Amino acid sequence: MKDGELKQRLKELTNEGYIEVEQLARIEREYFKEEAHDKRLMLSFALLGVLFVGLGLISICAFNWNYVPQIVRIGIAFVPLIGIQILLCWQYKRGASRIWIESLCLGLGLAFLLAIGLTYQVYQLSLGLEIIFLITFLVMLPVIYCCEAYYLAVLCLMGVVYYSLLEGTAFYN
C-alpha cells in the first residue's frame, strides 16, 4: 500500500469512528518518521550510484578514446547529456519522487561537464580547466533553478569556489 493510500485509508477509518484523532496522529508520527529517514538514505545511495556509474562509463570510453573517429567522439560526448535531459523531463512531468529528480539533476550536471570537456578535448581548444568549469556551472544554473536541485547546486558551488581559488592564486603569482 502506498503512503498516500495509507493516509487516505487512515482518515476514512477516523471519520468512521474506528480510530480516534489522537491515535491517528500517533500512527502518522511514528510511521512517517521512519519514512523520512529511509528517503534520505535512499537518496544518498541513488546519488552515489549515479556518480559511480557515470565515472565507470567515462573510464571505459577513455580507455579506447584514441581509436574513435572525431565525429563519434562528439556523439559520445552529447549522447549522455541528451539522454539524461529526456529522462529528467519525463520523470519531472510524471511527478517522480524527489530522489529521482535529484539523482537525474546530478547526472545532468556530470553530463554537462562531460560534454563540454570532451568537446574542448576533441577540438584541442586551448582553454584552461577553470574556464571549462565556469562555463559548465553557468550552463547548469537554469537546471538548478527549475528543478530546485540541491545537490547540483552544491556541485556548482564547489566548482565556483575551485574556479575562484585557481583565479586567485593565478592573480598573486
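Analyst: **Inside the packing**

Leave out residues up to four places away in sequence, and leucine 152 touches Cys105, Gly109, Met140, Val143 and Ile144 (contact is heavy atoms within 4.5 Å). Bear in mind that this is a predicted model, where local features need pLDDT of at least 70 and side-chain atom pairs 80 or more, while totals for chains, interfaces and linings use all residues. Numbering runs from 1 along each chain as its sequence is written, and side-chain values use heavy atoms, with hydrogens and water left out.

Leu152 also turns up, with Leu88 and Cys105, among the residues with the most contacts inside the largest nonpolar core, a set of 22 residues. Helix H2 (21-63), H3, helix H4 (98-122), helix H5 (129-147) and helix H6 (150-172) each put in at least two residues, and H4 gives the largest share of this core with nine. A second, separate core has six residues, among them Trp65, Ile74, Ala77 and Leu114. Core members are buried Ala, Val, Leu, Ile, Met, Phe, Trp, Tyr or Cys, joined through side-chain atoms within 4.5 Å; helices are DSSP runs (H or I) of at least four residues.

Now for H3 against H4. Their axes (lines fitted to C-alpha atoms over the stretch in contact, angles 0 to 180 degrees between N-to-C directions) come within 9 Å and cross at roughly 160 degrees. That angle is why H3 counts as roughly antiparallel to H4 (over 145 degrees). The crossing of H3 past H4 is left-handed, with the near helix turned anticlockwise from the far one by less than a right angle. Sorted by class, 20 nonpolar, five polar and one charged residues make up the contact of H3 with H4.

Serine 103 sits in helix H4 and counts as buried because its relative accessibility is 6% (under 20% is buried, over 50% exposed, partly exposed in between, 1.4 Å probe, protein chains only). Beyond residues up to four places away in sequence, serine 103 touches Ala46, Leu47 and Val50. Isoleucine 82 belongs to helix H3 (residues 70-94), and at 46% relative accessibility isoleucine 82 is partly exposed.

How values were computed:
Angles under 35 degrees count as roughly parallel, over 145 as roughly antiparallel, 65 to 115 as roughly perpendicular and the rest as oblique. Ala, Val, Leu, Ile, Met, Phe, Trp, Tyr, Cys and Pro count as nonpolar, Asp, Glu, Lys and Arg as charged, and the others, Gly among them, as polar.
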